[in-house]
Amino acid sequence: MGTALSDPRRTPEPEPESEPEPDPGPDVGAGASPTAGALGVAVVGTGRIARKWHLSAWAARSDARLLWTVDVDRDSAREAAATWSVPRSATDLATVLDDPDVAVVDLCTPPEHHAPQLLAALRAGKHVLVEKPAAWSLAEVRAMAEAAEEAEAAGGPVAMVAENWLHSPAIARLRRLVEGGALGEPLVVAGTLETGTALPRTPQQQRSRLLNGGVHMVTTIRHLFGEPTHVGAFTLPDRAEGPTGPRTDLDIVASLRFADGRIGSFQQSGRSQRPRPGVRVVRVLGTEGMAEADPIAGWAAWTETAWDGGTHHRWQDTTGAAGQDAEIAHFLDVVRGRATPLPTLRDQLRTHHVMEAMLTSARSFETVEIPAA
Ligand SMILES: NC(=O)c1ccc[n+]([C@@H]2O[C@H](COP(=O)([O-])OP(=O)(O)OC[C@H]3O[C@@H](n4cnc5c(N)ncnc54)[C@H](O)[C@@H]3O)[C@@H](O)[C@H]2O)c1
């Protein structure tokens with residue numbers, strides 16, 4: 001068996017969040033909230049993902065309190081504050097880093113801002129949740145991982161990447177099946193991610209579908225099977241499509257080999273013609289069964305024993321399917337010292353190494369050894 005992404009003994013599988021219990025927990029240091037054990041939270045970047053998930057998830061908790069919304073777009077910050085009953089809004093991060101009542105900074109800004117913002121927040125003693133992808137460049141993700149590790153080693157604030165797929169009930173169920181032996185020996189993993197042709201909005205997102213969206217699937221594959229050591233990948237040739245010109249990784253297929261000889265595949269296409277949300281299925285084939293799951297639609301299915309016959313199961317729960325509430329619950333457990341980050345910045349650096357190796361392989365037509373992060 002490969003090394004799992006996180007040690008399950010230290011990081012229990014996330015379950016769908018039940019009613020949060022008010023629990024002050026231990027002293028969390030600088031930034032402890034003024035209100036009975038509730039942690040003060042600043043959400044930075046009040047765009048699409050903050051409005052879709054983060055602000056509602058924080059607002060629903062009794063053990064955390066939204067204190068600030070921050071956005072360079074003043075109107076957006078104000079409007080989000082009004083919608084989620086947040087007392088204050090600002091246009092720059094520095095303002096909230098100076099507020100001793102803020103314990104947690106939740107970075108929902110575009111990835112090009114994540115590294116400087118995370119480093120500044122950790123230096124200010126704030127715990128940080130940062131949206132995926134951690135950053136666009138390996139160097140930035142590495143700097144973030146090192147800063148997070150230094151802060152942790154010094155007993156300071158903690159950092160976690162908001163990788164919601166790992167907290168989705170469907171992926172948690174799939175991992176339990178894989179780890180629990182229901183499939184016999186899991187030997188092959190296959191991840192398929194097909195999204196629509198609509199262009200991501202920012203130039204950076206347009207340049208890399210893999211880093212922007214594939215990061216979810218590559219992280220999930222590692223979560224299930226451990227570290228791949230070699231990759232061979234192909235993309236369609238560069239072609240000018242739409243208004244933005246060439247996009248090398250709009251379509252990519254990759255083969256993976258893990259340290260223990262197990263194998264896997266990753267396929268991503270940005271030209272699905274299916275209705276939203278496309279296809280996001282990860283499948284594991286074992287000696288005595290197979291299982292698959294869709295973290296966004298919130299289902300898992302598995303078959304035990306025979307090719308002809310056997311037992312088929314299907315489970316579906318769309319409540320909190322994408323894992324956003326469980327992700328924030330888990331992060332609060334990390335802040336209170338009850339869990340380890342899922343995933344850490346170091347984990348994400350490993351995912352970024354896999355993705356970079358895919359792109360190197362596609363350019364060179366060679367199998368590429370994935371460096372250890
Ligand atoms: N987990 C998921 O499935 C998922 C889905 C969508 C987006 N995301 C991630 O969330 C992050 C944000 O994406 P989005 O789609 O919400 O983007 P968005 O463009 O809709 O929102 C980003 C917001 O950040 C603000 N902003 C930009 N620079 C800033 C700065 N320096 N300081 C403060 N605010 C700033 C912008 O004005 C904007 O309101 C990205 O990392 C993205 O990859 C994750």
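The open sheet has 9 strands, in the order β14-β13-β12-β11-β7-β10-β9-β8-β15, with mixed pairing. Two strands count as paired if DSSP finds at least two bridges between them. Strands of a sheet pair through backbone hydrogen bonds, either parallel or antiparallel. The edge strands here are β14 (311–316) and β15 (368–369), each of which pairs on one side only.

Before I go on, this is a predicted model: local features need pLDDT of at least 70, side-chain atom pairs count only at pLDDT 80 or more, and totals for chains, interfaces and linings use all residues. Residues are numbered from 1 along each chain as its sequence is written.

Strand β13 (residues 299–304) runs antiparallel to β14, and 6 bridges join them. Tryptophan 299 stands opposite glutamine 316 in β14.

Which strands does helix α6 lie across? Helix α6 (residues 169–180) lies across β7 (186–196), β11 (279–286), β12 (289–294), β13 and β14, at about 165 degrees to β12. Helix α8 (residues 209–225) lies across β7, β9 (251–258), β10 (263–272) and β11, at about 155 degrees to β10. Axes are lines fitted to C-alpha atoms, for helices over the stretch in contact, and angles run from 0 to 180 degrees between N-to-C directions. Contact means that the C-beta atoms of two residues, placed from the backbone, lie within 7 Å.

Next, a helix pair. The axes of α4 (residues 114–123) and α5 (residues 138–153) come within 10 Å and cross at roughly 10 degrees. That makes α4 roughly parallel to α5, a label for angles under 35 degrees. On the α4 side are Ala115, Leu118, Leu119 and Leu122, which meet α5 residues including Glu140, Met144 and Ala151. By class, this contact has 9 nonpolar, no polar and 1 charged residues. Ala, Val, Leu, Ile, Met, Phe, Trp, Tyr, Cys and Pro count as nonpolar, Asp, Glu, Lys and Arg as charged, and the others, Gly among them, as polar.

Now the ligand. There are 23 residues around the ligand, and Gly45, Gly47, Arg48, Ile49 and Glu131 come nearest; a residue is near if its C-beta atom, placed from the backbone, lies within 6 Å. Helix α1 (residues 48–59) gives the largest share of the shell, 3 residues. The classes in the shell are 10 nonpolar, 8 polar and 5 charged.

Last, the whole chain. The chain has 10 helices and 15 strands, which are DSSP runs (H or I, at least four residues, for helices; E, at least two, for strands), numbered from the N terminus.

Technical notes:
Angles under 35 degrees count as roughly parallel, over 145 as roughly antiparallel, 65 to 115 as roughly perpendicular and the rest as oblique.
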